[in-house]
Every structure is written in C-alpha cells, then in structure tokens.
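Thanks for making time this morning. I would like to walk through one structure with you, so please have the sequence and the model open while I talk.

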Amino acid sequence: MNETDKRKWIMRINLTTIFLIFTLMQVSAASFGQRVTFKKQNATLENIIREIRKQTNYDVLIPTARISTAVKINADFNNATLDEVMTKVLEGRNLSYTMEANMIIVKPKEKSVVDKVMDYFVAIEIKGKVTDEDGNPIPGASVRVKGAATRAAVTNSNGEFKITVKDYQDIILVSYVGYNTREVKLKEGQTTVNVRLEMSENKMKDVVITGISERKKEIYTGSSTTFSGKDLMKLSSSNILQGLGLLDPSFRIIDNNLAGSDPNAMPNIEIRGSNTLAENYPQGDLRSSFYGNPNLPLFILDGFETSLERIIDLDMNRIESLTLLKDGSAAAIYGTRSANGVVVIVTKSPAAGKLRATYALSSNLVIPDLRDYRMLDASRLLELEQKTGLYSSTVMGEHINRQDLYNDRLGMVKSGVNSYWLSQPLKTALEQRHSLNLDGGDQTFKYSIGFGAAGNPGVMKGSSRNTYQGNMLFHYNTGKFLFRNDLQITNTKGTNSPYGSFESYANAKPYFAIPANNGAESPFLYENVSSAGQRTAYVINPLYDAHLNTQSVSQYTEIVNNFSAEWNATGNLRFRATAGFSKRMADGKQFFPADHSRYLNVLPSMADYSLRGDLSVSNTKSTGYEGTLYAIYSKMLGQKHSLYFQSGFNIKESVSNVSLVEAQGFPNPKLADLAFAKQYAKNARPEGLDNTSRLAGLLAVFNYAYDSKYFADLSFKLDGSSQFGANEKFAPIWSAGLGWNAHREEFIKNLDVFSMLRLTSAIAETASQNFAPYQAMTKYIYQTDKIYDADFGSVILGLGNSNLKWQTTRQKKVALDMGLFKSRVSINAEYYWKNTSNLLQNVTLAPSTGFSSFMDNIGEVRNNGYEIRVNLVLMPGAKEQPRVTVWGNIGANENKIVKISDAMKQRNKTILDAMQSVYDIDRLSTMPPNIFTEGSSRSAIYALPSLGIDPATGREIFVYRDGTIGNDWRAADQVVIADERARISGGFGATFNYKGWDAVVAGSYSRGGYAYNFTLRSKVEDIDIRNNNVDERAYYDKWANPGDEAKYSAHSFVNGSTRVGSTSRFVQKNNYLTISAITLGYSLNQNELIKRLKIQNLRFSVSMNELARFSTIAIERGTQYPFAQRISFGANVTF
Amino acid sequence: MNLFKKVSLLMMLGSGLTLTACNKWLDVQPKTELKQEELFYSERGFYEAMTGAYVTMTDNAAYGRELTIGVLSVMASDYSVTSSSPQAVEFLKYVEVFDYERNQFKPIINQIWLNQYNTIAQVNAILENIDAKKHLFKGDNYSLVKGEALALRAYIHFDLLRLFAPAYAVKDGLKYMPYVTRYGEKPTSFSDIETIVNAVLKDLNEAEVLLKNDPVGGLVGSDRQLRMNLYAVKGLKARIYLYKGDKPLALATAKEVIDAKKIRLMVSGANINLDRTFHAEHLFSLFKEKHEADVLYWLTVQGSGAANPTPYYYTIESKISGNIFENQPTDVRFKMPMMMMYLGNLTPHKYLYQDVPSSTPGIRRSYIPLMRISEMYYIAAEAAPDVTTALLYLNPVLSSRGLPALGATANIQTEIRKEYRKEFFTEGQTFFYYKRLNAAHIDDSPVTVMKPEMYVLPLPEDEKIFGGR
C-alpha cells in the first residue's frame, strides 16, 4: 500500500464509518526484529500496542472504537511473533488483521456461518426508554440495531424497549414518525439507554399533508409550510391560528379594532391578500350566518372541510400539525374552493401500547389592556367643559341654571369623585382549559378517547365562550387495510357581555360617581326632573343594563363522524375512501328586558309601554356530508424515475336553514322566553333563509421525478357546483409545476455549503365560490306582506344568470428553498403573482330589461407579493448543550383592483352622495368611504386631502381634485390617501432548549400600513362634550385663538359645526411591533419522584401573550371590546 | 400494473357516469324562494306570477304612488306644492315645473322606468313559458292568464309611451323606447311612437280574442276588475284610439264598453261612504293592502316635530274648492266624506277611511283605480261628432256625480277638461289628458306656457349607457 493508497483508504473509513478513530503508532527505531516479549497481568490494549511499537518497526492501524480499551488480557509473550501477539489480542473479537509493509491493519473478520449463529446467542440485553423533547414517552417507536434487521424492537406505551446487541460496537437506531432518527453508540458495559428524540423539522419538511394525500416535499412543487401543534401552542394560548400568523407571513390575521379580544368574535384571515370585492353581510342580516367572509381560506380538519369557528373552538392539545397550502399549485386539488389557500389540520393519532392517559391543563389569566386609552380625569374634563362654554349662556335665567349645574359638578369633583369608568365592565378573567386523552391498543387496533372542556371568560364581565368537546377515534390496521373512524361532538356557548359596548364606558364622564351596588342602583347618573314631573335632562348609567336580565347568547352543538378506509392493494397502489357526516344545531337569543335603558323614553302613558321588552330567537340547522374515493399509485421505475399518480372524485352537500322570530312585550324581566311575549314584534314577520349547496369533483394528480433532481407536478380538477349557472356547471381547475433539487447535483455537493437548494416554479388556475348559493337562478319570492285582494303574488327576485361562473385566480410563483451549512441556516424565499378575474359583481343592465343589474363575472383583482422566511440554528444542541434557534420572516403583498363593473362605480357614487348628504344635511362627521376604484388597493383609505388647521380661523383647509383649496368638505373630491394593509409584515422569534427547559420568544411587526385614526375624530375633534368624556388631546391640542398652530380644530357648540369629514389629517402611519409571546417550559421525566408516582411525563409551562406593543399611532384599540394580555400556566401529565 | 390499468379504467368509467348524473344532482331547489321552472310547473304558478306582476305595479315607483297620487298628480297641479311640508317642497318644487334634470326628480323618473319594465319582464317571463305549459291549464284559464299577460304588457307600454315619448300628435318618427317582448338581460331596440302604438294594439287585439269568455262581474273566482279583463282591454283600446286621434274608433270602442253594461256608472245619490274610489265603476284597478296607511302618511302630516306641520301632498282648501271643484256643493267628489277636514286641513278622502270605524263591513279600501267607466263616457263625448251626441255621454256622468246636466250651449271640450280634473283628482290620468292634447297650459300650474318637451320625461342615463342608445 503506497502512501496515496493509504490516504484514500483512511479517508474512506473516515467518511463512511465516522465512529472509527485511527490510532497511528510509531515503532521505535531502536529495536528491530519482529518479535515481542511482554508479560503483564491485566494488560490493556494500549500497553500491548506500546510494546509492539517499542519492540518492532511496525505501525499498528487499528479502529480503536471496536476494541474496548477497557478489556484486559493476561499478556505472556516471550519472543512471540507479531502473528502470535495479534491473534492473542484479537481473540474473540471478530477481528482479523493483515500485515502490509511495516504496518498491521486491523479489520473486521469475515464472518463464518457459525459466527453468525453465535452472534445470535451471544447477546447483551439493553433496556431503555424513548421520549420526546419534552420528556413524554414515545410509544411505538422503532428501535433496531444498525445493520442487523433481525434485532429490532418497538417501545411500549411507556416508551420503554428491550433490545439485544451482540457487542458494544453495535449501534442502536431509534426512529419514530415525525422525529429525527437517532443513532446511539453504546459504552462498554452499558445496559440502559435513554433516548430523547427531537421533533423532526425535517420530517415536517419531508412530507406535505395536503389533506387528500401525503406528498414527498422534496419533489413537490407546491408552496406549503407545516408547523407542529406543539410549536403553535407555545406561540399563543388563545387559539392555534394566532401563532400561525407569526410563523408564516402569508397568513395574515387582520386587526379587528372593534372587537378586540372578544372571545366570540371570529378573526378575519387572509392568505396572500384578498381576492374578492364582495362585502361581508352586516351583523343581523340572516345571510351573514351562511356566507361569512368571502376571503377566508378553506379549513380542512383530518381530510374534511370545516368552519373557522370549529377550528377556533378546537382543543389545541389535539392538534398534531397544521399545514398551509399557500399557492395555486398546492391548493388546486381543492378545485373551486382553492383560491384563498387552504389550512390543513391533522389531529393526533393514538399510540399503541398500554392504556395511557394524558391530561393537559391550561390556565390563562386574561388581563384587559387599556394602555391605548387616554381619557380625561374628572377635574380636567370639567375644566374643559367650562372652557367650551357648557356652563354659560347669553340668556340670563339659563346661565344661572347652567352655573348651578357647574357648581354641582365642581362639588362632586372637589369631593374627590373621579370614577375610572373604563375598568367598570372589566375584570381579569381566568380561562381554564382541560383536556384528557386516553389512548392505547396494539399495532393493529388503536383507539383514543378524548374529552375537553374550555371555559373562556372574556375580559368584559359576563362575556364568555365555553366549549365542551369529546371525541372517539378507532384505528384498525391490518397492514393491507386501514380503517379509521373519528366521532367528534362539540358544544360551544358564546355569551356576550350584558355590559354592552365598551365604548359607552369610554364615553362616561368621570365626575359622576358610580351608582351604588356596582351601578345597579339607578339607570341615571344624572337626572333633572321638572316640577311637572317631566324628565328634562338625564345622563344614562351604562352599568345599569348589565344588572338586568339582558341576554345575548349564541350556541351550537356539532356532531361530526368521519370515516376513512385505505386498501393497500399492492405495494404501489393504494385506494382510499372517506365519508364524513356532520350535523350542527345552532341557536341565538337576544333579550332586552322591559327595564332596559332603550325603553327609558317609553312612558306608562304610551301605548307601546306594554310592548317593552324584546326577544329575538334564531335557529339554524345544518347537515352535511362529504365523501371521497381516491386511488394512489406510486412507483420507482429503475433507479431514477419516480412516478406518482392520484385520481378520484369527491362529493359534498350541505343543507342549512335558519329562521328568526322576534317578539315583544315581556312583563317580567326574568322571563326571557317566547312563551311570555305579548306579541310578535310590530310590523315584523318570521324570517327564514335556506342554503343548499352541492359540489362534485374529479381529481387527477401526477408527479414525476428524475433521480430526485428534476421533478414536475401536474394536477387537474373538475368541480361541479350547484352555485354556478346552469350553463357553467363545471369548473376546470389545474396546476403545473417544475422543480429542481440543485443540492443533488455534484457541482453543488462539491461546494459543501448547501444541504438543500431547491428551486420550484408553478402556475395554477384556482377558483373560489364563496358566494350566495342561488344567485345564478331566476327565482320568485312570495310577497307575503303584499296580498293582492285575496291572492299571493310571486315576484321575480332578480334576473338569473345561467352563465354565472366561479371566480378564477391565476397564480404563479417562483420559490427558492435553501439549507446552508448543514442546515444551520435555512431560507425560504418566494415571489408570487395572483390575478383574480371573473370577479363576481353586479353588472348594470339597461333598465328596460326590467332589472337594474344582475350578477356576472366582471372585474379583476391582483395580489403580488413575496415572502422570505429565515431560520438560524445558533447552537445545534448536541448532547448536554443548549439548542438555540432564531427565526424571522417577512411578507409583502400588494393588492390592486384592476377592473370593476359599472355597477360598482355607481355604487361608489351613491356612497359618496350619501356621505355628502350626511355631512351637509345631517351635519355629522363621516368616516372614509368603503369604495373601490380601479388602480388602487381594496383596502385603500379614501379621504379629502387636508392642509391642516388654518391658524387664523381654526378651520380645516382642504385640497380639491382640481387643485384649488377651500374649507368645504366635498365627498366627491376624496382620493386614495394610503393603504390600510401593511406593505410588509411578519414575525420573528427565538427558541431555546436545554435539558428539560424550553423557551420561546416571538413577536410580530408591521410596516407601511395606515389607519384612519377615529379616536381623533370621535374623542378629539368631533367631540360630544355634553354627553361624553374625551381624549387628553382634546384638552391640550385644540385650536382656540387666532394664531394657534393647532392640530385639531376649535370646539364649537353650534350643533355639528365641529363635524369633520373624512380627512387625510387623520390618516396615520400604523407601524407597530408587538412582543406576542414569551413561553417558558420545563419537562420532568427522569425524576425519581415522578417515576415513583408512575408518571411517565410531566411538563409545566408559563407564557405571556401580547406583552408589549410599540406603535406609531395613538388610537384607541378595541373600541367595542378591549384587547387583552394573557399570562398562561400550563401543565401536561401522562400516566 | 395490470391491476392498475383495470382500476383506472373502472374509475374513469365511473367518473363518466357520475358526471352525467352530477348535472342533475347539482341542480338544487331553494326552499325559501322558488325557481322559475318550479313555479311554472302548475297552473297555479302562472296565476301567482301574474298576481306578482300586479303586485309589482303597486310599488311606490309605479301606480302605488308616483303614477297616481305622486308625481303625475303633482305635474297635473293637483297640489299646492309651495304650501306643502318643507321636505315636500324640496322635492316637489322641481316636479311641479317639470325640471326633470334635478337630482330631486331624476331618480324618481329612473325608478318609474325600471319598475314599469320590471312588470313587463314578469309578464314576459309568463308569456315565454305559458305556451309550452298549455296542457297544465283547466278550462279557459290558459286564455285568461295569457290574455291578461298580453293586455298588461300593452297597458304598461302604453303608459311608458305616454310618459317618455311626446304626444302622438307630435309623431316625429324618433325612437323613444323599446317594446319589450322577451325576458332576459339583452336590451331590446327602440321603436318610434307609431310602432309602439301598433305593438300595443296588436297585443290588445290578441288579448281581446283570448279574453272573450272573461267572467267579468261574475260571482265566482277572483275580482276580475283587479286584473286586465276584457273591458279593461277594450277600454284601453278606446283610450289609445283617442290618443291617436282616431275619434270614430275611439267612440265605437268606448261605446262597446258602455253598452256591454257589465261595468256601469253608479246611480246618483248612492252611498259612497264605503266605496270612495267607486270600485264598481273600475274597468281596471290595483289592490294594495297598505295603500290607505301610505296615503294617510302622505296626505296628512309629516314630521310631527315641525312647528306648523303640513302634509307632503297638500292642496290648499281654496284651490280644491274653487279651482278644481268650482264650489259645486252637490258634487259627491267634493262633498263629505270625499273631502274632509282632517288635522286642520281639507283632505281628499278618496283613499282614506279613517273616519269610518275599521270594523265596518264592506269598506272598499286598498283600491287604486287605473281606468274607470267614466273615462269611457268622456272618451265617447270627446270623440262624438256633435254636441248632442257628446252630451249623451257627458251628462250621465255629471248626473251620477250629483251635478246638473249641461245644455246644448256648453263647450264640450272645456267641460271634459274640467271633468278630468275632478274625476281623476290624485289619480294621475289628468296629466295624460293634458299630454294627449299637448295643452299649452296646465290649469293652476306655475308653468305658464307648457313647452312640448315638458311633456316628455327624459330617458334614464342607465338606459342610454347600458342599452347602447
């Protein structure tokens, strides 16, 4: 063996068996001859080698790892040959050696059959336990000896295993789905091995769960990201989606400044911008119970479509993973439901083993967040009131009256009354979530039963959302067949606070003392009754109604049964069928008792007095079923060609109907039941609405990959829907994508930088059909309130459009996924183009057709943007070392309305005309109009450009479209001032793991978005100081005297003269940064005490949400319901 | 591989089958509304659709308000706009002077146009489907429904012509509006006055044949006077002939209606307390359940907060008694209970019964008369070749209304003009009378000289833009 040969040989060993370490020994030059004399009891290998080196001129090349230095032999060599020495040393060690030149090379002995048989009997038993990162035992994990297929074991329900190795050179491999496989080296004499598996980020990157099938990520061209339920839980304690917004910038939860942290308000979500111009139906419109937000993504829970509400109410502990299908290529398999993206949620599967019980408790302290409110205190308010002339008059008698009022109020202030009304309807709430899960079974038959109860009281007193859920899952797997049945029952009751809108507390004046009994004492804070007993002036006590039996409750019970069967026909061909059935019963109730403040002005002398009290009851029943049948074929042709083919069809039907009845005249406030009503509400009749929609689709998916280097995806879906026009029943949806795994190319490999470098590009045509079910039809409605003599007439409701189609969204993207430096750095970057055409809109018709408009596919919206996600592993977390990763992401989306219908333009004009009339005739302030214009964003803020307040007159100066300036507010001259949506937004964070500890810090940011600061409008500028408290800025920053360079116009008492039309002055930059979550967890699983208690695992965690927020805009957040911060304590125990 | 082929073949086959079955399955039936195909599945459905068309006519944008008590009566100067409520003044001052381009007036015109054509669309939907479903009908019902539909289409088109085109006398050959005979989103091309009139007459002639067995005045079934019945068709023809200036035909047709004696003038001195629109005299009227409540709202006080509340549609007392009813105390149309002081104002009680206990049986409220037998007498009188013949027709109406008979010296045309004002007060037909004659002045109107274009409502903008006019 020459020098270069030797090097190669060494190198190869180095590369292939990293456990081999080479010891190179020099033989002393002083001695010669090839014989060794050495005698020593219990000589170590080291001793012997040293002697060989000393006494001969031979080097010894030896894989020390295979020869335990601990082994001792009795050396008794007397002028022994090297052969004799080596034979003796290697005795019983399955090793042989060769001598070349002056080198002894030790290598594994070729095994004889006898040796192999012997191996089997000569075995060392190793016991151990496999746990996850948090120390939870992992049952069903596979444990085997590397290179010895016969030696394998599976962990039991406690995660324990027994395995035999033939010697300590054996390497134990531990693997489990979803976790990184670990190789464990044994130490000489070791008998127990505890293995902790890390949740495999790679696994999540390995497989894409589309909800219809599982696809290999490496050769998949769609854009998707997968997160584990556990990671998401660490980011938010309120609901699973909150954390998603931090991890993936394509998923945006739109701020809801009205509803704040109301537990009963559903979030508004967009994936990569909004595709429609359709508006949400307002609250109270029956239609809103069917067609919520047309921009919502599709939610798939364990393969079946579900509602956003159901996801929000879902027990977080049950969630295994959540996958976002973001682009057309990934989502196209969902056909006409795909354009808004898809959120695929998979719940946990039961683990085989002994019955195991897992109990999770989460206890969250929800603390109202009032940091954005800056209301005046009693003395400053009174001072401001006096300054504005509230207590003076030019009429003498009146002046005296007002002065009396002032003195009265001053007296209250002097006596120390300074009520903090904001906190009155609020409390620090304690959320409790319990989740108990039992699972077990053997490899063939597994089951799990889960119970969950969540009590989520909101920060406003009396508001809550309580959910009870149970599920039963059976899993039967014969190897060839797999059956799974999941039965879920959920009951949720949402109660709105009887305290009403939070706004009324922001408005309440601090110099009024809070009436006794927390406000129950009197409906008035102030009341002036004339000598005739007439109530002339009064201020309502907002707390009063809360002490009555005011109710606003909605609840639903949902039963879902999902069944799936899989047949593994051959190794390559599988069939899968699913059938799901769901039933949902929902009802809502709203009750205002007769004493409610809304009836204060109905006097006993009035006819309507007996009609006080109002109850409205709504009832919704929905049933639905869904079925799929798919065949999946995958095969490797030769070494390099991999094929994947999936085909099948699905059907879905949902039927729901809602009815609403309103009754009035409830004598007893306690009796909030229809049976106690005096009559149905005046001029009202029972309302009802139904919705039947059906969907049937055919799917074909094809994937080809060459050597895992080059790959292509094709998919085609033909969806038929009852919502389309009679001539356009079937929508063809398709996608095509190409990808290149550059990291598999030699020249990239040689760079030794990229562990992954993947380039994908795809184009897809997706569609959405989130619209009213019957609008394609010509329908008649019975005019039951217009009897014609004795007949009912049926009247055409609108012109149907039998050519009505789905909205088409053409999506294109290019994406680059990179892993650098052994995946220490990973970067995902993507650019996308989304163009939605055939937008469903009203199209103006020649009115001589008999109809002013009808629904047609006109209009176009574009969403272009990019997303970059970066993940850095600062410390990889080798044994006994901390693991630290930081991550950050950025997302940008630009929305543009390309084309709108003429009807939409007319709608704009109507809105602007109405605004002008509100301003001029009703003399009220206006908010930016909700109009759409071509070329601007859907979320553009329209207002009149303003030059600010004229220091000379205190009046605002506007700039009109023609460039002239003036003081008059003109609705028609409003232009786009800014966009509400952020230009860029995203999340960032860091995770830390060390021994049993884990910690997460995460935040989000938003930049380039604007907001119309309505606080400035209603609490500073157009203040109603007679009735409401105001913001501090009204006290300090308003114009008073000529020459004042003020931000806000002067106060005036002439009714409505301080009204302010939507102005660019109030459009402010809304950049913010929030610290969304800090979570700290600790798992105990090796603790003696815990073992003695038969606890397999115990984990505690504490987290804080919405900790801090830094913003460029001072605006009241959560006007009708305040925002909240949370501190959560979690415990998780498995027996 | 073999298995795979078989399976995929099977699946494709299955898919193909599913697709065809699918189309049917995807056709869903709403529950709170009715699909057109479902409605036209029975005789009853057609009948209900026809009723729906009449209901649509009672909308405020049509005969429920604007084409009767609303703008048409304002334009005929039935009201004293300047003395009405401030809100009314804001809107009606432009109507009164035919200032059609005003924002206060224009939307109303657009609504009238849309609502009228909407009724036509509903009728066309019936006509497009009825022939294929003829077998569903029993007895004469097919002829009745189809005849009504054709006649109603003619009626609405004729009223549209009277509003949006100049008087027939002008006959400028220009195209003013479409005669729409099909249902759908495609606009119909415009026609000139002559073509429209001919189309109207064609539909009416066809209807007349279909309605030959019309059980008007019969005791069974619904009130035929509330539908386009045979005499409404004939009456409308008489109206059109006169509008065209074809006096002999007008006379002959009006005479036909009068002589049929199915619908008669009421006897002088009859108790009109419970039937203030003289329903027995209606050739065609509409029924609007809430009409009285609406009219009460418009004719009485608006905005209770105002210092001196005045009605929206208000006529000062001197104008009603002097200018319109000529202080003739025997005229039943001017006497109690047709005119009453209500909330301090003299209020016409043609549509109001609030003075009668609501439990009183036999109150004929809710009727909106569109054509009465008296008009036939006026047409006959106007078309009569000589004064004697004219008086033969005019005097019975006067006598029925409690007025003295006219002598041979009377100016027939002036008397007819006065009668139109009295008879059709707040009914809208008065305006059409002036329009037909292209009258140079509308009595009591603040517009001293009527220009011919004032008689023509402008074509709605949307019609120009989206109909490609």
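Glu956(A) counts as buried, because its relative accessibility is 9%, where buried means under 20% relative accessible area, exposed means over 50%, and partly exposed is what lies in between, all with a 1.4 Å probe and protein chains only. Please keep in mind that this is a predicted model, in which local features need pLDDT of at least 70 and side-chain atom pairs count only at pLDDT 80 or more, while totals for chains, interfaces and linings use all residues. Residues are numbered from 1 along each chain as its sequence is written, chains are lettered from A and ligands numbered from 1 in the order in which they are written, and side-chain values use heavy atoms, with hydrogens and water left out.

What does the side chain of Glu956(A) meet in a salt bridge? Its partner is Arg1065(A), at 2.8 Å from N to O, a salt bridge being a side-chain nitrogen of Lys or Arg within 4 Å of a carboxyl oxygen of Asp or Glu. Glu956(A) sits in strand 49 (residues 956-959) of chain A and Arg1065(A) in the loop between helix 17 (1032-1036) and strand 55 (1067-1069) of chain A, so this pair ties together parts that are 109 residues apart in sequence. Helices (H or I, at least four residues) and strands (E, at least two) are DSSP runs, numbered from the N terminus. Arg1065(A) also counts as buried, at 16% relative accessibility.

Let me set beside that a pair in chain B. The side chains of Glu326(B) and Lys418(B) form a salt bridge of 3.2 Å, N to O; Glu326(B) lies in the loop between helix 12 (317-324) and strand 5 (339-342) of chain B and Lys418(B) in helix 15 (residues 412-423) of chain B, so parts 92 residues apart in sequence are tied together. Here Glu326(B) is partly exposed, with a relative accessible area of 31%, and Lys418(B) is partly exposed too, at 27%. Lys418(B) also meets Glu415(B) in a salt bridge of 3.5 Å, N to O, and both of these residues lie in helix 15 of chain B, three residues apart, about one turn of the helix. Over all chains, the structure holds 85 salt bridges.

Turning to the interface, how many salt bridges does the rule find across chain A and chain B? It finds two, and Asp791(A) and Arg227(B) meet through their side chains in a salt bridge at 3.1 Å, N to O. The contact, meaning heavy atoms within 4.5 Å, takes 63 residues from chain A and 61 residues from chain B. About 5,300 Å² is buried between the two chains, 66% of it given by carbon and sulfur atoms; buried area is the accessible area (1.4 Å probe) that two parts lose on being put together, summed over both.

Phe284(B), Met57(B), Leu152(B) and Met376(B) have the most contacts inside the largest nonpolar core, which has 151 residues. Such a core is a set of buried Ala, Val, Leu, Ile, Met, Phe, Trp, Tyr and Cys residues joined through side-chain atoms within 4.5 Å. A second, separate core of 48 residues includes Leu422(A) and Tyr1048(A).
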